[in-house]
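Reader: I should like to learn how to read the features of a structural model. May we take them one at a time, beginning with the overall fold?

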Amino acid sequence: MTTEVPEVPEAGRRPRRPGRRPGAADTRGEILAAARRVFAEKGFDKATIRGIAREAGVDPALLHHYFDNKEGMFVAAMEFPADPSTVLPMLLAGPREEIGERIVRFILTMTADPAARERVLGVMRTAMVNEQAVGMIREFFGTAILGRVAEALGIPPLRTEAAFAQMFGVVMIRYILGMEPMASVDVEELVTLLAPTVQRYLDG
């Protein structure tokens, strides 16, 4: 009868710590899945970091490890191509009389990238057919984007909504309907055409 000899760790190898096996779970993915469920159930405004952490079964501090804030988590969950926390400072950090041009150029340049454009169009299509999704997106844009632009510029929210509605229509005609010549005209030509109109919305 032989006696089994316990395995001795190799020199220099650290003992494995208890807990989840490395790579056994996609924690970030699980958090995003939980975030989608909570956003769908409660909407953007009423969803909380604690509520999402509870749904994911993790400590709220872990959410801050992966995402700066609730907006960043929503952007990742919905696969938006841009985060307002980085985009808005860039748009607002220039002369007030050029904000229309910066908005138009940013949206047209972003959607010119195929990967970013597909995510934008995916959100737009979802908003047009899914009542639950349109509520989330409306709250997000109203709170995190349009509301902050209106506050920063000191203008009525209706004007910011009109400006972004103009660009929403341009993106739809250019990429969803594919109407010519809008579909193939150069970005800079569109910026020259549209920037004064968007600026007029914001200036009143």
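This is a predicted model: local features need pLDDT of at least 70, side-chain atom pairs count only at pLDDT 80 or more; totals for chains, interfaces and linings use all residues.

Reader: What percentage of the residues of the chain count as buried?

Author: Of the 204 residues, 37% count as buried. The chain exposes about 12,600 Å², and carbon and sulfur atoms supply 55% of that area. As for contacts between residues at least 6 apart in sequence, 65% join residues at least 24 apart.

Reader: Let us turn to a single helix. What span should the 16 residues of helix α7 have, and how far apart are its end C-alpha atoms?

Author: Counting 1.5 Å a residue, helix α7 (residues 114–129) should span 22 Å, and its end C-alpha atoms are 23 Å apart, which agrees.

Reader: Which residues of α7 are buried, and where do they lie around the axis?

Author: The general idea comes from helix geometry: an α-helix has 3.6 residues a turn, so residues three or four places apart point the same way. In α7, the buried residues are Ala116, Val120, Leu121, Val123 and Met124. Because these residues cover an arc of only 155 degrees around the axis, they lie on the same side of α7. The face turned away from that buried side carries the exposed residues Pro114 and Val129.

Reader: Against which helices do the buried residues of α7 pack?

Author: They pack against α4 (70–78), α6 (99–112), α8 (131–153) and α9 (157–177).

Reader: What volume does the largest pocket have, and which residues lie nearest its centre?

Author: The largest pocket has a volume of about 830 Å³. It is lined by 30 residues, of which Ile137, Phe141, Ile145, Phe164 and Phe168 lie nearest its centre.

Reader: Which helices supply the lining of the largest pocket?

Author: At least two lining residues come from each of α5 (84–92), α6, α7, α8 and α9. The largest share, eight residues, comes from α8.

How values were computed: Residues are numbered from 1 along each chain as its sequence is written. Side-chain values use heavy atoms; hydrogens and water are left out. Helices (H or I, at least four residues) and strands (E, at least two) are DSSP runs, numbered from the N terminus. The expected span of a helix is 1.5 Å times one less than its number of residues. Buried means under 20% relative accessible area, exposed over 50%, partly exposed in between (1.4 Å probe, protein chains only). The arc is that of the directions from the helix axis to the C-beta atoms. Contact means heavy atoms within 4.5 Å. Accessible areas come from the Shrake-Rupley method with a 1.4 Å probe; for residues, only the protein chains shown count as cover. On a 1 Å grid over the protein atoms alone, a cavity is a set of points where a 1.4 Å probe fits but cannot get out, and a pocket is an open set with protein on both sides within 12 Å along at least five of seven lines; lining residues have an atom within 4 Å of a point. Grid points are joined across faces, edges and corners, and a volume is the space filled by probe spheres set on the points.
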